Structure formats: structure tokens, C-alpha cells
Amino acid sequence: MKRLHAELALLPGGFAREVLIAWDEQGRLTEVQPDAARPEGAELIAGLVVPGLPNLHSHAFQRAFAGLTEYRGSTQDSFWTWRDLMYRFAGAITPDELEAIATQLYVEMLRAGYTSVCEFHYLHHDAAGRPYANPAEMSLRLVAAARRAGIALTMLPVLYQTSSFGAKPPREDQKRFLNEVDGLLRIVEALRAQGVRSGVAPHSLRAVPPAALKDLLDGITAIDASAPIHIHVAEQMQEVQDCLAWSGQRPVQWLLDHAPVDPRWCLVHATHLDNTEREEAARRGAVIGLCPSTEANLGDGIFDLPAWHGAWGIGSDSHASVDAAEELRLLEYGQRLARQQRNVSVAEAMWSAAVAGGAQAAGRPVAGLAVGQQADFVVLADAMLDGLAPAERLASHVFASHRREAVREVWVGGRRVVHDGRHAEAQGAERGFLAARARLREALR
């Protein structure tokens, strides 16, 4: 058994002092005791210990694409013009390059305060759209990257079949994504055989026809009735309008009426909801997956957080930014701008909500510093935070600090993967990433 003694820690009930934290060989917390004397042999942790944030929405390969579309390519640049460019990039990536890009990304995530990630993975086949000899090849490359970096992983293989509502045929540049339901479920089974926590992700209502959605949900429930289910929904107003034209319903309302939405579900983005959709989705227990840096980068809109009375978490999605604190800052600042007021939410409440919602979306016991949860936590220790009360330290990290150096240590499953702000794989991962990105840029010239 491993034991630490934290001077300050954020527990589910709030900030506490002199906290004894212990866990077993499986990395599960067995004791979290505030106001405890430091036992002999327990390592002293100075600074503020906070639960690691789950990153509930990631497309790993897009990290190598981040920053390469920040120019005006059209007088009406939008999510849709960005997607066309992203598809070109996705069409060129090899398995080796995907693993290199993901390894660097996962190292970055850890150094930024994320301790787990949900990988919404749809890049399944080769450049010609043919399955690899092992149909799970690309998924397993992400598993290898996560294990090398030391981040906890929930894999969400994506079902993708059509280009838009009404079962329109897929585009040529979507051929790497396509699967039948049985093929997608075989990838899930291959991942589970490797001990990987896995669910499924119907990509969106425009990409998965109703019959295939039902078959997918029946299939994953038969495999694992607790498996997480994630879906992109209501990200863009065009999607809402197209869904109305197809079905007469808004996308979230259609989903609520035609699918067994419950706490297993993560509605990614859900930017454009009406009151009826909000109330019913919250009543069903679904998690909203918010990705503020990507939603801002793509011009999606601003989610109305105060109007949502359910679970939510954060993700870095396209990885225009990889910074857990920044996602929370952008989320709250968006609310300030929309409502023209300050402190719509506060750092402690946001951090705790993002941990709880992220754990639910990941389908893993990563819901904070409590007995039975994984020993996933971050140590914030920076000279700029000295002398502040615990709530002020966390608020300064979220709202007033642009120094990643504040994340001094990161522990995942009771194993320290970032020490003194450094990750052991950082240099090698960076070299691999830069080589992969250089080749991809050359291939697209």
C-alpha cells in the first residue's frame, strides 16, 4: 500500500487540510482522511492536491492539425470548411504516425492536468478505405500511446455510415471512417480483450441512420450494459436546421424520443438546446460534453451552462488547446460574455463538476479523492500561488495563471507520471510528433 500526506486537498466535500491518502496495488483509494497525523514513511506533498480532470472528448490525430487552418481560406470560413481540410489531413495518416501524434498529445494532457481521456476514434481503415489486417489496428495504436504516456483511457470506436441526414451516401473523403455495426463491435471486443475500458460512439445523427443506431445500441448493451455511449449532437445551427428538415424535430429531441438516453450517454457539445431538450436530457441523467476551446475555434456558439441542471464535463476535442484549466476558464468566460456579469460559476464548483461528469462519461472510477476511486490526482505548486487560501489557489490557477508549471506532479492510478513538472517520455514523444507532422504536411503539399 502507498501512502501520501497532503497539506491541502480538494475532496468531494470541499477543501481539507492534512489529508492522508492511501491506495492499493490496483491504484484504488483505500483511505482519504483529513486532519490526520502524518504516518511514518508517508511522503509529504506540499501544494494543493486536486483530483485529475477527465478529458471526455478527444480526436487524437487532430493535434497534429491544430494551428494549420488559422487563416482565411474563404469569406465564409466555418466548421464545415474546416472539416473539409481536416478530412484531407485524416486521409494521409499512417498507423505509426497516429501512435506518434497520440503519444505526444497524451503527454501534453498529463502535463496540463488531465489524468484520463475518452478517445472518440473514427479513423479506422487505411487510406483507400480498406480494413487493416487487424481491423482494430488504429484503435490499438491509441492504446499503445496511452500506455506509453501513462494516461488512463476509455476507447470509443465510432460508427460512421452516411454523409448527412436521410442516409445520404458517404463522401469519398469519409471512406476511412466507415463501418458496419458488426465490424465496429468486433473492434470493441478486440479492445476489451486487451483490458481496455471501451464503449461506442455513434458519430452523429447525420452519420448513423436510425436502424444502424438501434443495432449498435442493442449490440453494445449485449456486450456490456454499462458501456459509455457518446455522440456529437447539436454542435452547429446548420445541424439543427438539417435535422428539422429531415425529421421535423431538433436533434436532441429526436435522440430523446428514439434512443434509450440515460446516464451512460454523453451528448458532446449539445451547444444548441431548447428548454424542453435541456429538461428532458437532464432528467434522463445524460452528461453534456463541453469543449470550449474547440467550440470557440470552430465558431459553434456558447452553451448556456446556468440553464443546464445536469452533469457536464470538459474535453479538448480537436486540441486547438491542451490545457485543463483553460477549458474551464473559457467555459466560464463565455458565460460572462453572454450574460454580461462576473463569476457565473467559481473554480471549486467547476473543477468538482468537471471531475464528476467526466468520470460518468468515461465509465471509470475517477470521480475524485474518495475511497473506491482511482488514485488520479494533480499537485498544484507554484511560487505564484504561495500565501493564498485553498480556494484562491485554485481560482488563480483557473482564472489568473497562464503557467503550466503550476502542475508540478500528476498521479494516475497511484503512479507518478509527471514529477517536478516533467514527463519521462516528453523528449522522445516530441521528436516522434514533429517527424509525423512534417511528413503529413509534405504529403499534403
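Analyst: Arg148 is partly exposed, with a relative accessible area of 38% (under 20% is buried, over 50% is exposed, and partly exposed is in between, using a 1.4 Å probe and protein chains only). Keep in mind that this is a predicted model, where local features need pLDDT of at least 70 and side-chain atom pairs count only at pLDDT 80 or more, while totals for chains, interfaces and linings use all residues. Residues are numbered from 1 along each chain as its sequence is written, and side-chain values use heavy atoms, leaving out hydrogens and water.

So who does Arg148 pair with? Its salt-bridge partner is Glu425, and their closest N and O atoms are 2.9 Å apart. (A salt bridge here is a side-chain nitrogen of Lys or Arg within 4 Å of a carboxyl oxygen of Asp or Glu.) Arg148 sits in helix H3 (residues 137-149), while Glu425 is in the loop between strand E17 (422-423) and helix H13 (426-443), so the pair ties together parts that are 277 residues apart in sequence. Helices (H or I, at least four residues) and strands (E, at least two) are DSSP runs, numbered from the N terminus. Glu425 is partly exposed too, at 27% relative accessible area.

Now for a pair within one helix. Lys214 bridges to Asp218, with the closest N and O atoms 2.8 Å apart. They're four residues apart in helix H5 (residues 210-223), which puts about one helical turn between them. Lys214 is exposed, with a relative accessible area of 53%, and Asp218 is partly exposed at 42%.

Next come Glu277 and Arg250, whose side chains meet in a salt bridge (2.9 Å, N to O). Glu277 belongs to helix H8 (residues 275-284) and Arg250 to the loop between helix H6 (237-247) and helix H7 (251-258), so this bridge ties together parts 27 residues apart in sequence.

Stepping back, searching the whole structure turns up 26 salt bridges. The chain has 45 positive and 54 negative charges, and their mean positions are 3 Å apart. That count takes Lys and Arg as positive and Asp and Glu as negative, without His or the chain ends; each charge is placed at NZ of Lys, CZ of Arg, CG of Asp or CD of Glu.
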